[in-house]
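Dear colleague,

I am passing on the structure we spoke about, and below it I have set out what was found in it. Please read the notes with the coordinates open beside you.

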Amino acid sequence: MARAEPEEAQVSRTTGPGPVTGRADRAGRRAHADYTGGVYGSLLAASVVVGAGSLGSFPRAELVLLLMLTGVVFWIAHVHAQLFGARLARRTALDRGTVLRVCRDEWPIVNAAIPPAVAVAVSPLLGLDVKGAVWLALSVAVAGQVGWSVAAARRVGAPRRLMAGTALVNLVLGLLIITFKIVLKH
């Protein structure tokens, strides 16, 4: 007769390849997906801003659309990869609940594109030209990336030193993207 597994053991398996079991597992997986998706989505948004180059007749609208559509496309790609990978790893059929959970877990990728897109949209109210709007969006994306990483570290109870370390790593990644922007000069 199998004995019931304590909740602590369920929590310790949240990063393992096993099936989702129990409320603690789902909460742990959701928290992991939220933050990794946010960091990834912010990094993606910063990269989109840098790679946008010269835009057409409506540069702000085009950049907002580019940011949001790229976030959605990468969200779909991540959902597909998670579902396809889970199906292969577990050799199980997918049900509606699993699909909805994965869609929800990966949604922070899209959420991370929203602040830079809003920054571009409100840039005329701040008196910024298109170049200023691009730099504002890039700054907001990098700040989001650092913020998501610190929030993730804080959420899991990491010591301040680790929180500072993850902030520094993400800031360096953001500054690397900004360096690409400066070097590419567009």
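A residue is called buried here when its relative accessible area is under 20%, exposed when that area is over 50%, and partly exposed in between. Please keep in mind throughout that this is a predicted model. With that cut-off, Gly-132 counts as buried, because its relative accessible area is 17%. Gly-132 lies in helix 7, and although Gly-132 and Val-120 are twelve residues apart in sequence, their C-alpha atoms are 8.9 Å apart in space.

As for the overall fold, the protein chain has eight helices and zero strands, so that reading along the sequence gives the pattern α-α-α-α-α-α-α-α. Of its 186 residues, 34% count as buried.

Helix 7, which covers residues 130-155, packs with helix 8, residues 160-184, at an angle of about 160°, and their axes are 8 Å apart. Since angles over 145 degrees count as roughly antiparallel, helix 7 and helix 8 are therefore described as roughly antiparallel to each other.

Turning to charged side chains, the structure holds two salt bridges. In general, side chains of opposite charge can pair when their charged atoms come close. Arg-101 forms a salt bridge with Asp-105, with the closest N and O atoms 3.2 Å apart, and because these residues are four apart in helix 4 (residues 96-106), about one helical turn separates them. Asp-105 also meets the side chain of Arg-104 in a salt bridge, at 4.0 Å from N to O, and in this way Arg-101, Arg-104 and Asp-105 are linked in a network of salt bridges.

Ile-114 is found in helix 6, which spans residues 114-122, and Ile-114 is partly exposed, because its relative accessible area of 35% falls between the two cut-offs.

Methods. Residues numbered from 1 in each chain as written. Predicted model: local features only at pLDDT ≥ 70, side-chain atom pairs only at ≥ 80, totals over all residues. Heavy atoms only, no water. Buried < 20%, exposed > 50% of the residue type's maximum accessible area, 1.4 Å probe, protein only. Axes fitted to C-alpha atoms, helices over the stretch in contact; angles between N-to-C directions. Parallel < 35°, antiparallel > 145°, perpendicular 65-115°, else oblique.
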